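Trainee: Please take a close look at the aromatic ring pairing here, with some context on the whole chain first.

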Amino acid sequence: MNKPLTPDELCAHLAERDITFHRTDHPAVFTVAETAPHRDSMVGHHTKNLFLKDKKGRLFLVSAEAHARIDLKRLHETLGASGRLSFGSAELLMEKLGVTPGSVTAFAVINDRAQEVTMVLDATLMTGEDVNFHPLVNTATLRVSRDDLLAFLRGTGHDPLIVDLPVPPDGQNG
């Protein structure tokens with residue numbers, strides 16, 4: 001993999017393409033729960049992002065609304081993946097997307113120059129509200145419009161798969 005972009009290089013990339021964003025810097029956060037104290041000043045959808053692989057080694061980056069419950073036991077069916085999905089390792093995450101755990105973000109596909117990762121967006125993110133993602137590090141959040149997010153993803157060659165993610169039956173974690 002080529003050297004991954006820095007957050008400042010990502011922001012410059014966005015600005016060069018007339019993608020408007022609002023940046024909020026905050027202490028490092030590693031989970032959706034840890035973002036809670038910082039969300040009050042941020043409008044739009046907050047997100048969680050999962051780096052997954054199937055039995056054949058196909059890679060998926062799934063972005064969903066922060067509190068979405070996702071049935072990981074059935075997600076492979078929705079995505080057309082081979083067998084159940086598992087989480088990609090920290091090493092694979094760095095190799096393919098140039099980010100560390102806790103910093104997984106839809107913006108990381110900019111580092112997937114070989115186009116090995118399938119970008120998946122939960123349909124709930126497509127309501128028209130702005131969306132919030134880390135800018136390759138977990139010490140800031142960028143807010144962009146839905147349309148600008150789609151333009152960014154398509155501009156990197158990652159036309160996203162937009163799906164209704166399966167919800168687990170009651171009583172299961174997601």
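Mentor: Accessible areas here come from the Shrake-Rupley method with a 1.4 Å probe. On that basis, the predicted model has an accessible surface of about 8,400 Å², and carbon and sulfur atoms hold 50% of that surface. The protein has 174 residues, 49% of which count as buried. Its secondary structure consists of five helices and eight strands, in the order α-β-α-β-β-α-β-α-β-β-β-α-β from the N terminus. Among contacts with a separation of 6 or more, 68% join residues 24 or more positions apart.

Now to the rings. A pair of aromatic rings is described by the distance of the centres and the angle of the planes. The whole structure contains two aromatic pairs. In one of them, F107 and F133 have ring centres 6.0 Å apart and planes at 75°; an angle over 60 degrees counts as edge-to-face, so this pair is edge-to-face. F107 lies in the loop between α4 (90–97) and β5 (117–122), while F133 belongs to strand β6 (residues 131–133), 26 residues apart. F107 has a relative accessible area of 1% and is buried; F133, also at 1%, counts as buried.

F107 also pairs with F152: the centres are 5.1 Å apart and the planes are at 75°, so this pair is edge-to-face as well. Here the loop between α4 and β5, which holds F107, is linked to helix α5 (residues 146–155), which holds F152, across 45 residues. F152 is buried at a relative accessible area of 2%. Taken together, the ring pairs link F107, F133 and F152 into a cluster.

Note on methods:
Residues numbered from 1 in each chain as written. Predicted model: local features only at pLDDT ≥ 70, side-chain atom pairs only at ≥ 80, totals over all residues. Heavy atoms only, no water. Helix = DSSP H or I, 4+ residues; strand = E, 2+ residues; numbered from the N terminus. Buried < 20%, exposed > 50% of the residue type's maximum accessible area, 1.4 Å probe, protein only. Contact = heavy atoms within 4.5 Å. Phe/Tyr/Trp six-rings, centres within 6.5 Å; stacked < 30°, edge-to-face > 60°.
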